[in-house]
Amino acid sequence: MTDANTGRQESSGGRDGGDGRRAGVLLGGGLVAVLLAVVGATGGWLLAGEDDESPATPQAVATTAGTPTGEATSSRPTTGRTTPSAPRTTASATKGTGLTVPPVVGSDFLQAREMLRKQRLGWRLVFGSGTGRTVDSASPAVGTPVTRGTTVQLQIAGPAPAAEVPDVVGDDCAKAADELVEEGLYPSYRSGRSGKVSRQEPAEDGPARWNDEVSIWCGAAAPPSQPTAKPTP
């Protein structure tokens, strides 16, 4: 009895061992199948990723092809607007002032100078060989559109009248120049244009006529005047 039971038990144990081996084989096969499925899915995903990236090339080409269009569009209006802009600005600036040469012809040259000064125009007096102090002509002509600061030349009928030389020694150089111009004279700078006037020639009330120059020394000390040579007895 004992041997029979033992043999049955061994037989059943052998069956159990065979069933275990079969189960292990089946489990191993299942794992292999799962791994193959995962590898296949990964490979398919990678292939799909490469297919998705391939259209990137036409997008870059399209962007590059669009660049010349933008450059052509921006360059055309720039060229067309720049050319006429300068004439329009210049014309509007000239017309906007509404300034013309005042009616100076036939008036005394001092009155004509005052007219030009009020309109902030410059003047240049040219005296003639005739008689009188009246203005014969102006250049630019009367009524010509001008801008502020334009110098108008006045032709005077007669010769330059006598002028009074002011005393400008000790004045600031710029102020001295204004005083001389006001009297119809022109400053001739001998030592710069800044500082105080240390000397002038001719001196105050010296002989002079309109448009004459008066020498002034500004800033630095003036050189000593040349002594007048005494006649030999």
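1. Helices (H or I, at least four residues) and strands (E, at least two) are DSSP runs, numbered from the N terminus. Glu-164 sits in the loop between β3 (151–156) and α4 (173–182).

2. The model is predicted: local features need pLDDT of at least 70, side-chain atom pairs count only at pLDDT 80 or more, and totals for chains, interfaces and linings use all residues. Residues are numbered from 1 along each chain as its sequence is written, and side-chain values use heavy atoms, with hydrogens and water left out.

3. A salt bridge is taken as a side-chain nitrogen of Lys or Arg within 4 Å of a carboxyl oxygen of Asp or Glu. The count by this rule is 5 salt bridges. One of them joins the side chains of Asp-108 and Arg-133 (2.9 Å, N to O). Asp-108 lies in the loop between α2 (56–97) and α3 (109–118), and Arg-133 in the loop between β1 (122–127) and β2 (135–139), 25 residues apart.

4. Arg-113, Glu-114, Arg-117 and Glu-182 are linked in a network of salt bridges. Between Arg-113 and Glu-182 the closest N and O atoms are 3.7 Å apart; Arg-113 lies in helix α3 and Glu-182 in helix α4, so this pair ties together parts that are 69 residues apart in sequence. The Glu-114 and Arg-117 salt bridge has its closest N and O atoms 3.5 Å apart, with both residues in helix α3, 3 residues apart.

5. For burial, the classes are buried (under 20% relative accessible area), exposed (over 50%) and partly exposed in between (1.4 Å probe, protein chains only). Arg-113 is buried at 6%, whereas Glu-182 is partly exposed at 37%. Glu-164, at 58%, is exposed.
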